[in-house]
Amino acid sequence: MLLNQEAGLSGAVVGSGNFSSNGLRKSVEAGASVITRGINEFDDVLRPTFEAAELLWEQATPIADILDVYEERWSTSFFRRVVENQPNVEVNPTATPVFWIEAGYVTKNRGPRRPGNQIDFPRGMSRYFGFNPSADLPANSVIGQVVFETPAGAPVANNLRLGNNMMEKISLPIPETHGFDIYDGKVLLFQRAEGRFVMRALEADDFETSFGDRLAEVRVMTSGRRYGHIT
């Protein structure tokens with residue numbers, strides 16, 4: 001809730017996000033903003049919501065009372081054992097022909113009205129693609145070129161590089177022209193083929209149903225996004 005009495009403006013930002021395991025790891029959240037001008041419009045449109053929010057806040061449980069229990073349940077909500085992210089983990093590309101990563105929220109690098117296609121990988125993800133970059137590789141260096149084969153359109157070749165944040169970064173095929181629509185909230189699956197990687201974007205539940213019993217070690221980024229390979 002946003003209240004600016006001096007300007008006579010009030011507003012609310014309403015979203016579907018929550019702190020459940022599904023809300024934090026899988027869902028694509030929707031939101032809306034509402035702005036009112038003057039006290040009469042505020043009374044008609046926002047005051048009931050404002051009063052309900054105040055009542056909920058007054059009755060809310062302090063986070064200190066539930067945080068330990070929440071963290072325990074969060075840790076056990078993963079469908080496979082999660083290990084600490086180890087950027088320099090050894091990967092045998094020929095033994096890991098299929099690997100995956102949760103896309104999470106994808107930055108709107110193509111503008112606010114078009115789905116994003118640029119994603120950060122954890123440092124060392126390049127090994128799954130068959131590269132072995134030096135540990136002292138400077139930022140903004142190209143690690144190598146990855147060729148993606150998608151459900152629609154011609155294969156796409158883009159550079160995998162080391163970003164300023166020292167994470168590995170790549171532009172994926174344009175989603176709406178290559179059969180994906182959107183990457184947000186999906187699990188990205190890459191399968192090694194002759195000189196390329198066949199790419200799929202699955203809903204989290206579909207991924208768990210199809211591959212949940214075939215996952216090797218599941219690694220987790222500091223952002224909470226998981227990745228690994230399939231046996």
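This is a predicted model: local features need pLDDT of at least 70, side-chain atom pairs count only at pLDDT 80 or more; totals for chains, interfaces and linings use all residues.
View 1. Residues are numbered from 1 along each chain as its sequence is written, and side-chain values use heavy atoms, with hydrogens and water left out. Glu203 forms a salt bridge with Lys186, and their closest N and O atoms are 3.8 Å apart; the term asks for a side-chain nitrogen of Lys or Arg within 4 Å of a carboxyl oxygen of Asp or Glu. Lys186 sits in the loop between β9 and β10 and Glu203 in the loop between β11 and α5 (204-211), so the bridge ties together parts that are 17 residues apart in sequence. Helices (H or I, at least four residues) and strands (E, at least two) are DSSP runs, numbered from the N terminus. Lys186 counts as buried, because its relative accessibility is 11%.

View 2. The C-alpha atoms of Tyr105 and Lys186 are separated by 9.1 Å, although the two residues are 81 residues apart along the chain. Is Tyr105 buried or exposed? Tyr105 counts as exposed, because its relative accessibility is 62%.

**View 3. Two further salt bridges.** The structure holds seven salt bridges, and here are two of them. The side chains of Lys169 and Asp120 meet at 2.5 Å, N to O. This pair links distant parts of the chain, with Lys169 in strand β9 (residues 168-171) and Asp120 in strand β6, 49 residues apart. Lys169 is buried, with a relative accessible area of 15%. Arg196 forms its salt bridge with Glu149, where the closest N and O atoms are 2.1 Å apart. Again distant parts of the chain are linked: Arg196 belongs to strand β11 and Glu149 to strand β7, 47 residues apart. Arg196 is partly exposed at 28% relative accessible area, and Glu149 is partly exposed at 27%.

**View 4. The largest nonpolar core.** A nonpolar core is a set of buried Ala, Val, Leu, Ile, Met, Phe, Trp, Tyr and Cys residues joined through side-chain atoms within 4.5 Å. Which residues touch the most other members of the largest one? Of its 25 residues, Phe121, Phe129, Leu188 and Phe190 do. Two or more residues each come from β5 (98-102), β6 (118-121), β7 (142-149), β8 (156-162), β10 (187-193) and β11 (196-202). The largest share, three residues, comes from β7. Apart from this core lies another, of 11 residues, among them Trp100, Leu189, Ala204 and Ile230. In soluble globular proteins, nonpolar side chains tend to be buried together.

View 5. A search of the whole structure finds 13 aromatic pairs. Rings of Phe, Tyr and Trp (its six-membered ring) pair if their centres lie within 6.5 Å; planes under 30 degrees apart count as stacked, over 60 as edge-to-face and the rest as tilted. The rings of Phe121 and Phe190 are edge-to-face, because their planes stand at 90 degrees, with the centres 6.3 Å apart. Phe121 lies in strand β6 and Phe190 in strand β10, so this pair ties together parts that are 69 residues apart in sequence. Phe121 is buried at 0% relative accessibility, and Phe190 is buried at 0% as well. Phe129 and Phe197 form another edge-to-face pair, 5.0 Å centre to centre with 75 degrees between the planes. Phe129 is in the loop between β6 and β7 and Phe197 in strand β11, 68 residues apart. Phe129 counts as buried at 4% relative accessibility, and Phe197 is buried at 6%. One aromatic cluster is formed by Phe99, Phe121, Tyr128, Phe129, Phe148, Phe190 and Phe197.

**View 6. The buried side of α5.** Which residues of α5 are buried here? Ala204, Phe207 and Phe211 are. They lie on the same side of α5, because they cover an arc of only 65 degrees around the axis, the arc being that of the directions from the helix axis to the C-beta atoms. The buried residues of α5 pack against β5, β10, β11, β12 (215-220) and β13 (226-230), with contact meaning heavy atoms within 4.5 Å.

Key: Buried means under 20% relative accessible area, exposed over 50%, partly exposed in between (1.4 Å probe, protein chains only).
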